[in-house]
Amino acid sequence: MGIEIERKFLVTNDAWKEFAVSSYLKQGYISSEPGRIVRVRIEGQAAMLTIKGLNSGISCGEWEYPIPLNDAQMLLDTVCQKPLIEKYRYRLPMDGLTWEIDEFLGANAGLVVAEIELPSEGFEFHRPEWLGEEVSHDRRYANANLLKHPYKSW
């Protein structure tokens, strides 16, 4: 079993953008129920099936498997709940870790969130000046919840 330990923050400005590398992501959910999240994601020419278990603090069980691109597209088109989540993901290496900054599109446009995966829950890391409020425990910012309650409807 894989464990994901992740902290999530709102982003206050674009100072990070000139150093980050971006890609377009499209993802959908076969199940978006807490503890039973099953996600299909296409990023470029790669596709993944991800299963996430119940959260315990900032940790949760996570299993990821590469799947054929054509299968992923078929799942997004025919099986996944609508609407799909679309966003640009920017990756920014910093101090041996990688920040992932998501700039959402569609019904979630205007939302920019930074995430960092940590090796342990108590791991100390540098907080860049462009980080705002921490929203790790606010489930509204979970992608599976943005599907049901888009940012623009808040």
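**Aromatic pairs, strands and cores**

Visitor: How many aromatic pairs does the count come to?
Guide: The model is a predicted one. Rings of Phe, Tyr and Trp are taken as a pair if their centres lie within 6.5 Å. By this rule the count comes to 9 aromatic pairs.

Visitor: What is the geometry of the pair formed by Phe 9 and Phe 125?
Guide: The two rings are 6.2 Å apart, centre to centre, with 70° between their planes. The pair links distant parts of the chain, with Phe 9 in strand β1 and Phe 125 in the loop between β8 and β9, 116 residues apart. Both Phe 9 and Phe 125 are buried. The geometry of this pair is edge-to-face.

Visitor: Why is the pair of Trp 99 and Phe 125 classed as edge-to-face?
Guide: Trp 99 lies in strand β7 and Phe 125 in the loop between β8 and β9, 26 residues apart, and the pair links distant parts of the chain. Planes over 60 degrees apart count as edge-to-face. The ring centres of Trp 99 and Phe 125 are 5.8 Å apart, and the pair is edge-to-face because its planes stand at 65°.

Visitor: Which residues form one aromatic cluster with Phe 125?
Guide: Phe 125 pairs with Phe 9, and Phe 125 also pairs with Trp 99. Together with Phe 125, the cluster is formed by Phe 9, Trp 16, Tyr 90, Trp 99 and Trp 130.

Visitor: Which residues in the largest nonpolar core have the most contacts inside it?
Guide: In soluble globular proteins, nonpolar side chains tend to be buried together. The largest nonpolar core here has 17 residues, and β1, β6, β7 and β8 each supply at least two residues of this core. Apart from it lies another core, of 12 residues, including Leu 10, Tyr 29, Ile 85 and Val 113. In the largest core, the residues with the most contacts are Trp 16, Leu 92, Trp 99, Ile 101, Ala 114, Phe 125 and Trp 130.

Visitor: Is Leu 111 buried or exposed?
Guide: Leu 111 is found in the loop between β7 and β8. Leaving aside neighbours within four places in sequence, Leu 111 is in contact with Leu 10, Asp 102, Glu 103, Phe 104, Tyr 141, Leu 146 and Tyr 151. With a relative accessibility of 2%, Leu 111 counts as buried.

Visitor: Over which ring does the charged end of Arg 140 sit?
Guide: A charge of this kind sits over a ring if CZ of Arg is within 6 Å of the ring centre and within 35 degrees of the ring normal. The charged end of Arg 140 lies 4.5 Å from the centre of the ring in question, which belongs to Trp 154.

Visitor: Over how many bridges do β4 and β5 pair?
Guide: Strand β5 pairs in the antiparallel sense with β1 over 4 bridges, and Glu 4 stands opposite Cys 60 in β5. The pairing of β4 and β5 is antiparallel, and the number of bridges is 7.

Visitor: What phi does Asp 95 have?
Guide: Asp 95 is placed in the loop between β6 and β7, and Asp 95 is exposed, with a relative accessible area of 61%. Most residues other than glycine have a negative phi. Asp 95 is not a glycine, yet its phi is positive, about 55°.

Definitions and conventions: Residues numbered from 1 in each chain as written. Predicted model: local features only at pLDDT ≥ 70, side-chain atom pairs only at ≥ 80, totals over all residues. Heavy atoms only, no water. Phe/Tyr/Trp six-rings, centres within 6.5 Å; stacked < 30°, edge-to-face > 60°. Buried < 20%, exposed > 50% of the residue type's maximum accessible area, 1.4 Å probe, protein only. Pairing = 2+ DSSP bridges. Core = buried A, V, L, I, M, F, W, Y, C linked by side-chain atoms within 4.5 Å. Contact = heavy atoms within 4.5 Å.
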